[in-house]
Amino acid sequence: MTVKSPRFWIAIVSGVAVTLLTVALVDMGRTSPGPLAEVHQRIPELAGKGGCSDCHGGWRETMAEACLTCHEPIQSQLDFSDGLHGAIDENRQTQCALCHSDHHGVGFAIVNRQSFAQLGFDGREQFDHALVGFDMGGAHLELDCSECHENADVGVLDEGTVRFMGLNQDCASCHEDSHEGRMVISCNRCHGQESFD
């Protein structure tokens, strides 16, 4: 059969039509593996939709790219190799679901024990803050996470709030500055973490 043969072109067109029909039927037959987490159910564009590509990517977008469309602060961490997401292994930076799975319903926390286990920690209490550039020690280690991260124990965050991100590592952001800004040297030149005196 030659390229000029009508049978050749009928075969090509038929093959493309069958492929497109198969793709359409497979796509229409998809069902969700379970209900979304509450934080994602609250987004009108995602609530009740059967389309997977909004979160999982599609023909031209990976799952990580789809996630980062909504999670701009994480994209910033990746771009500038900053914060937790900027510090993790590059291969894991594109595998969001390793740490943040979904489709487990309303009561499921997207940041959970598995999130920390993927980083090599047995829960959030064992998280090594050196990973994010904060050499935490001494009396800081006696604090519960929620004493610094006010949303650490909140089940589902309000839009625009963060659980662990966004804290300033400047001592005066948590501790009263009895010097009233007059000191030009850093606090740790005179003060250690063993006590806050």
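Predicted model: local features only at pLDDT ≥ 70, side-chain atom pairs only at ≥ 80, totals over all residues.
**Close-up 1. Arg-182 counts as exposed, with a relative accessibility of 57%.** The side chain of Arg-182 makes a polar contact with the side chain of Glu-180, at 3.1 Å. For a sense of scale, Arg-182 and Gly-138 are 44 residues apart in sequence, and their C-alpha atoms are 26 Å apart in space.

**Close-up 2. Arg-163 is buried yet has no salt bridge.** This arginine also belongs to the segment after helix 8. The nearest side chain of opposite charge is that of Asp-153, 6.9 Å away; a salt bridge would need a nitrogen and a carboxyl oxygen within 4 Å. What does the side chain of Arg-163 reach at 3.1 Å? There you will find the backbone oxygen of Asn-151. The backbone oxygen of Gly-155 is also reached by the side chain of Arg-163, at 3.4 Å. Setting aside neighbours within four places in sequence, the contacts of Arg-163 are Val-111, His-149, Asn-151, Ala-152, Val-154, Gly-155 and Leu-157.

Close-up 3. Side chains of opposite charge can pair when their charged atoms come close. In this view, Asp-153 and Arg-124 meet in a salt bridge with an N to O distance of 2.5 Å. Asp-153 lies in the segment after helix 8 (145–148) and Arg-124 in the loop between helix 7 (113–118) and helix 8, so this pair ties together parts that are 29 residues apart in sequence. Arg-124 also meets the side chain of Glu-125 in a salt bridge, 3.6 Å from N to O.

**Close-up 4. Asp-122 and Arg-113 meet in a salt bridge between their side chains.** Here the N to O distance is 3.4 Å. Asp-122 is exposed, and Arg-113 is exposed too. How many salt bridges are counted in the structure? The count comes to four.

**Close-up 5. Phe-116, Phe-121, Phe-127 and Phe-164 are linked into a cluster by ring pairs.** A pair of aromatic rings is described by the distance of the centres and the angle of the planes. The structure holds three aromatic pairs. In one of them, the rings of Phe-116 and Phe-127 have centres 6.1 Å apart and planes at 75°, so the pair is edge-to-face. This pair links distant parts of the chain: Phe-116 sits in helix 7 and Phe-127 in the loop between helix 7 and helix 8, 11 residues apart. Phe-116 and Phe-127 are both buried.

**Close-up 6. Phe-116 and Phe-164 make an edge-to-face pair.** Their ring centres lie 6.0 Å apart and their planes stand at 85°, so the pair counts as edge-to-face. Again distant parts of the chain are linked, with Phe-116 in helix 7 and Phe-164 in the segment after helix 8, 48 residues apart. Phe-116 has a relative accessible area of 11% and is therefore buried. Phe-164, at 27%, is partly exposed.

**Close-up 7. Helix 4 covers residues 63–70 and has buried residues at Ala-64, Ala-66 and Leu-68.** Which helices do these buried residues pack against? Their packing partners are helix 3 (53–56) and helix 5 (72–79).

Conventions
Residues numbered from 1 in each chain as written. Heavy atoms only, no water. Buried < 20%, exposed > 50% of the residue type's maximum accessible area, 1.4 Å probe, protein only. Helix = DSSP H or I, 4+ residues; strand = E, 2+ residues; numbered from the N terminus. Contact = heavy atoms within 4.5 Å. Lys, Arg positive; Asp, Glu negative; His and termini not counted. Polar contact = N/O pair within 3.5 Å; in protein donor to acceptor, adjacent residues only side chain to side chain. Phe/Tyr/Trp six-rings, centres within 6.5 Å; stacked < 30°, edge-to-face > 60°.
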